[in-house]
Amino acid sequence: MLAATPAAAQDQDEGLFTLLGRLILGTGTAKVAIDTPQAVSVLEQADLDREQATSIGDLFAAVPGVQAAGASARALGQAFNIRGIGNTEQTASEARIIVTVDGAPKFFEQYRMGSFFGDLELFKRVEVLRGPASSTLYGSGAIGGVVNFTTKDASDFLVDGSDNALRFKLGYDSNGDGMLASTIFATRVGENAEFLGALNWGSSGASEDGSGAEILGSGYDRVSGLAKGRFTFGNDADQSVTLSFSRSDSDLDDTVVAQTGGAAVPSFGTADVHTVDDTFTLAYNHAASANPLVDLDVTLSYTDTSVDKTNFSLGSFCSPGTFQVLCDNDAAYKTLSLKVENTADISSGAWDNYLTFGVQLQEQEREASSSIGALAFHPEGTDRKLGLYAQGEFVWNDRLTLIPGIRVDFGETTPGTAAAAAGATAQDDTAVSPKLAAMYRFNDSWGVFGSVARTERMPTLDELYSSEGESFSRTTGLYSAARLPSLNLEKETATTFELGATFQREGLLAEGDSLQLKATVFHNDVDDLIATTPRPTSPTPGLTPVAYYSNIRAAEIWGAEIEGSYDAENWFAQLAYSNVKSKDKDTGLTLADTPAENVALTLGAKLPQWDAVLGWRASYYDAITTSSATTSAGSYDTHDIFVTWTPDQGAFKGFNVNFAVENVFDSTYRNNLVQDNAAGRTFKLSLAKTLDW
């Protein structure tokens, strides 16, 4: 089924605008999105090509409940925001959303810095699982959800009758004169081996907003590459080994230090930022076609993400304590992970039953230093986890689906030398994440679903071991108390309820058309939220130190999402609506990371006689006031148009052309989750050509 479904989608105009009809791979056994009892979305290669995205903020315009937080028009400095969980002012937002690349866990956390640094040209698929129900398979603490990236494969470019393929791609972005060049070589060796090599280069000057003002630090240079091989063997080729290595190397010169959180630019100035993001995976699969009890996946991965900051514009203020953030510094996360998972088919009678169980081992090492020594507020250390989990999937008569699951994670953290000298000690903890999801299909058109999930998030190295000495402000004339490692933190807990309904019908208005709708409401209670402890102040020194972090908050997050698509022979439509509300239970104020209510409507036409698709997308964002002035913003709307041309015969066969105009009316606006204005009117053009032999 996994092999046949993408082909079937391609037969229907590439499946471009039927997101709810796509296969979801990350929830256990493969299921179509509309039949999954969870809010899920997937972007395929055609979506990535059409969006011509240079940052994660460009990806999710048609996905409800998901967007980027942090920098606006920069290739780096962004984090994910899912249903109001994301990095603008919350601590450790990166730990509340789990990100993987080819199954390898990705994580990065640094003061006012984004969390994801991979080049989007490396990927062919992005899958988003919203809500903590995903904690079972991916790790306790996924309060916001999970984002899975999949890199390109050789088989994506090899056609029947050909053993080699060479693909060239060029791209241009008018706002900043951005350029892109990409080369991919794919080859098949015999019947059981395939290899892919990819090299990408991108560069851009600074972008401008709708008023013509330069978006500071938005220029970049980037080189990325991917080497990947796959070998199949065994009876009916039911076993495979896949080896993959990718690297993204990026430079942002004179970019803002405060990539996430806080006001637009000036308070921290600018710096040169160099990032290197490496991902290595070795994956083994044994489908065991003759044994329904065995469908085994083993993934060994190693990731190394490093960020070096130099040439600070305010570097003259570099000094121990708070202003050490303005010293030349480097930070890195190195993560070694082993995941073993098996799915057993125990179906019987009218029930299709599957049991998934697994174990995951992970060791994550955090490194950091500055030109004047260790970074007390970015402590070094090691975080080790052992996760055990089991998930059932019981389907009765293709109508009722029940998915119970539970995960237990055992964690142990060890401080680095500098953190230990400040009083940090080794810590251990346990987190438990149970869930139950259900779906019932009344008939071929209507269905209802719901879930209840609870997850616990153990404190991160940053939250446990950060420290800061007593400081004095010349502006206020006051001393601020020192902050010590936070060794008595409780786990954050989140309990989420979801209810939803689905509707799908073919032949609604014309023969062969289809309408799909999925609506979800959710309610999330988060207790023992970890936040920085307010520092007592005094006109005299010698204040009693406080813990750097404390469990001082509880929050309530609720809302609704609607995802829909209509697809017919000559035209299509998409709808993505999201409305997230939140409340700090102590103050009653809206949480700073809450996105504004928004809706995106896409309408388009298919022109098969010209092998073309054209469309228009309008996005509307309401005004919002949060607990932070920097994450409050007014309402705005944007309009984009796009054209895709993929001739399948004649002299231009094999070409793929994507043209888009973003922010057609050159509006000046700022999304409430980002620091500065978005890019103004932008023309984007990409041209790709594949040769095969």
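Is Arg125 buried or exposed? Arg125 is buried, because its relative accessible area is 9%, where buried means under 20%, exposed over 50% and partly exposed in between (1.4 Å probe, protein chains only). The structure is a predicted model, in which local features need pLDDT of at least 70 and side-chain atom pairs count only at pLDDT 80 or more, while totals for chains, interfaces and linings use all residues. Residues are numbered from 1 along each chain as its sequence is written, and side-chain values use heavy atoms, with hydrogens and water left out.

A salt bridge (a side-chain nitrogen of Lys or Arg within 4 Å of a carboxyl oxygen of Asp or Glu) joins Arg125 to Glu44, with the closest N and O atoms 2.8 Å apart. This pair links distant parts of the chain: Arg125 belongs to strand S9 (residues 123-130), and Glu44 to the loop between strand S3 (40-43) and helix H2 (45-51), 81 residues away. Helices (H or I, at least four residues) and strands (E, at least two) are DSSP runs, numbered from the N terminus. Glu44 counts as partly exposed because its relative accessibility is 27%. The count of salt bridges comes to 41.

Lys684 forms a further salt bridge with Glu662, the closest N and O atoms lying 3.3 Å apart. Lys684 is in strand S37 (residues 682-692) and Glu662 in strand S36 (residues 655-662), so the pair ties together parts 22 residues apart in sequence. Both Lys684 and Glu662 are buried. Salt bridges with shared partners also join Arg83, Arg130, Glu498, Glu561 and Glu563 into one network.
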